Amino acid sequence: MSEPGSIGPVEARRQVFNEPLTLAAGTVLPQWELAYETYGTLNAERSNAILVCHALSGHHHVAGWYADNPKNVGWWDNMIGPGKPIDTNRFFVVGVNNLGGCHGSTGPSTINPATGQPWGADFPVVTVNDWVKAQARLADALGIEQWAAAMGGSLGGMQALQWTIDLPARVRHALVIAAAPKLTAENIAFNDVARQAILTDPDFHGGHFYRHDTRPTRGLRLARMLGHITYLSDDQMAVKFGRKRRPEAGSYGFGVEFEIESYLRYQGDKFAGWFDANTYLLMTKALDYFDPAEPFGDDLAAALAGARAKYLVIAFSTDWRFSPARSREIVNALVKNQQPVSYAEIVSQHGHDSFLMDDGYYHAVVAAYLRNIET
Amino acid sequence: MKRPDFAVIAGWMKAGESVLDLGCGEGELLRLLATRGLRGWGIERDPGHVLAAIENSVNVLQSDLEAGLAGFEDNAFDHVVLSRTLQTVRHTQQILAEMLRVGREAVVSFPNFAYWKNRMAVLNGRMPVSEDLPYQWYDTPNVRFFTLLDFESLCDGMGIVIRERQVLDERGALVPEEHNFLGSLAVYRIGRGA
């Protein structure tokens with residue numbers, strides 16, 4: 001086997017849908033678009049396609065880099081490429097920016113054809129079910145009747161799980177990584193503080209900040225700082241930052257004194273510089289609403305009973321946002337139904353973000369599972 | 001390691017049944033059972049074994065054995081298997097009770113400390129090392145040392161019914177008599193008492 005490598009330069013594509021899409025919120029999108037990328041080659045049987053679903057702040061640029069900006073490397077490039085765990089020599093991989101996103105798909109920052117203005121706060125709240133529906137339309141457009149696998153980490157893993165429930169005939173395997181079957185009160189609480197930071201920023205203008213030629217960067221920055229804390233682990237923060245000080249520390253003031261403060265502010269600033277605040281609100285709401293068991297009397301096993309996929313569930317030891325116990329709820333429901341499932345619990349110090357990290361055992365597990373998938 | 005107990009275990013199960021294999025290693029037993037039409041899941045703690053089990057296309061759940069059963073429903077499986085592992089488990093009674101909670105019946109195999117060669121070793125002043133007890137005393141994963149009679153006595157005390165028993169010698173051949181003396185490895189099929 002050759003040395004695992006990058007898929008190389010990739011191009012974002014755009015699919016326009018003229019068939020209306022009815023959303024869970026009741027709104028109908030008459031015409032909409034999805035931004036997506038593909039890697040590898042769809043085989044003649046169209047049986048080797050893998051859908052990669054993104055998490056809260058992700059998008060369709062999953063692997064490779066752009067010719068005009070080689071530094072813009074996909075967010076899961078360590079996972080996808082020739083010889084990598086998702087081997088593009090064998091699989092045709094599709095990355096998609098979800099509806100409501102801010103990377104080219106129809107969302108709050110794109111133009112509402114009814115008004116000629118950005119949708120802003122008028123863009124409907126979208127759910128994980130809506131995303132599955134929209135992704136299925138993309139699959140139709142690409143001629144993919146059935147995914148070999150749907151997969152993702154965090155909110156992406158939730159989409160993979162929802163696929164197997166909503167469209168059981170269209171997905172053979174689901175890789176559900178660092179996810180949970182629904183959010184806890186604590187999870188929702190963190191999301192709401194993040195939303196409140198955005199909603200109360202004077203520059204938010206009720207979601208129509210585009211008209212005022214401004215952006216609620218203070219709120220978005222706070223939201224990201226808070227979120228970022230929940231993606232890390234206490235262990236990792238202790239090792240990386242501890243109580244290390246900045247050179248300007250010791251002033252008995254409120255400037256940046258501890259390294260962790262500097263790090264979080266940097267992360268917040270960076271994120272607020274490019275992400276759309278309305279999209280952030282929508283994504284956190286999609287997380288809060290995600291609860292596939294609810295229509296089945298809160299019985300997750302009943303929700304999964306109609307699924308036909310085989311599952312690989314993966315959790316990380318220091319992930320306290322969606323802890324291993326949450327993944328085991330999914331596993332136990334599947335075992336209760338006597339459905340095929342494997343579960344790996346990876347020892348990692350990187351908290352929730354572990355699913356993005358290049359960990360030998362983690363990647364070996366994904367690679368081994370995918371090698372056994374028939375195409 | 002050759003696993004002559006697998007043939008005995010597989011012989012007690014039928015196509016279409018479900019099985020949970022505790023400490024499934026690389027999934028060899030589950031693979032064998034899959035070829036015979038059973039649905040199986042394994043619990044395994046060691047990452048290398050979990051990876052190998054996934055490579056072997058068996059359903060493996062990475063978990064600690066003694067904590068791993070709590071999430072399963074009563075009677076979730078037709079069979080629960082604990083092969084060559086009971087002697088490594090500290091909470092012997094709890095694991096047996098849990099196995100017979102989540103399984104309609106259970107299969108347990110373990111090395112017989114009263115095997116004549118083991119008795120000879122102790123008589124000669126040394127802890128036994130054999131095909132079925134392959135460790136030195138200082139690096140053994142085994143924490144419980146017991147015999148066929150000990151196990152049967154425990155079952156009796158716990159109200160566990162012994163449905164079948166097969167006893168093997170060091171070469172894996174069936175032992176027809178004097179089981180607690182001539183048997184190196186015992187395989188039991190057990191169930192809940194009335």
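Is B:E55 buried, partly exposed or exposed, and what is its relative accessible area? In this predicted model, B:E55 is partly exposed, with a relative accessible area of 40%. The value falls in that class because partly exposed covers the range between the limit for buried, under 20%, and the limit for exposed, over 50%.

The side chain of B:E55 meets that of A:R371 in a salt bridge, with an N to O distance of 3.8 Å. B:E55 belongs to helix α3 (residues 47-55) of chain B, whereas A:R371 belongs to helix α10 (residues 360-371) of chain A, so the pair joins two chains. Side chains of opposite charge can pair when their charged atoms come close. Over all chains, a search of the whole structure finds 29 salt bridges.

Further salt bridges were found within chain B. The side chains of B:E17 and B:R104 meet at 3.8 Å, N to O. This pair links distant parts of the chain, 87 residues apart: B:E17 is placed in the loop between α1 and β1 (18-22) of chain B, and B:R104 in strand β5 (residues 103-111) of chain B. B:E17 is buried, with a relative accessible area of 10%, while B:R104 is partly exposed at 41%.

A salt bridge is also formed by B:E170 and B:K117, whose closest N and O atoms are 2.8 Å apart. B:E170 lies in the loop between β6 (160-168) and α8 (179-182) of chain B, and B:K117 in helix α6 (residues 116-123) of chain B; the pair therefore ties together parts that are 53 residues apart in sequence. B:K117 counts as partly exposed, with 38% relative accessibility.

Helix α1 (residues 4-11) of chain B packs against helix α2 (residues 28-35) of chain B at an angle of about 40°, and their axes are 10 Å apart. α1(B) and α2(B) are therefore oblique to each other, and α1(B) passes α2(B) in a right-handed crossing. On the side of α1(B), the contact is made by B:F6, B:I9 and B:A10; α2(B) contributes B:E28, B:L29, B:L32 and B:L33. Classified by residue type, the contact of α1(B) with α2(B) has 6 nonpolar residues, 1 charged residue and no polar residues.

How values were computed:
Residues are numbered from 1 along each chain as its sequence is written. Chains are lettered from A and ligands numbered from 1 in the order in which they are written. This is a predicted model: local features need pLDDT of at least 70, side-chain atom pairs count only at pLDDT 80 or more; totals for chains, interfaces and linings use all residues. Side-chain values use heavy atoms; hydrogens and water are left out. Axes are lines fitted to C-alpha atoms, for helices over the stretch in contact, and angles run from 0 to 180 degrees between N-to-C directions. Helices (H or I, at least four residues) and strands (E, at least two) are DSSP runs, numbered from the N terminus. Angles under 35 degrees count as roughly parallel, over 145 as roughly antiparallel, 65 to 115 as roughly perpendicular and the rest as oblique. A crossing is left-handed if the near helix is turned anticlockwise from the far one by less than a right angle, and right-handed if clockwise. Contact means heavy atoms within 4.5 Å. Ala, Val, Leu, Ile, Met, Phe, Trp, Tyr, Cys and Pro count as nonpolar, Asp, Glu, Lys and Arg as charged, and the others, Gly among them, as polar. A salt bridge is a side-chain nitrogen of Lys or Arg within 4 Å of a carboxyl oxygen of Asp or Glu. Buried means under 20% relative accessible area, exposed over 50%, partly exposed in between (1.4 Å probe, protein chains only).
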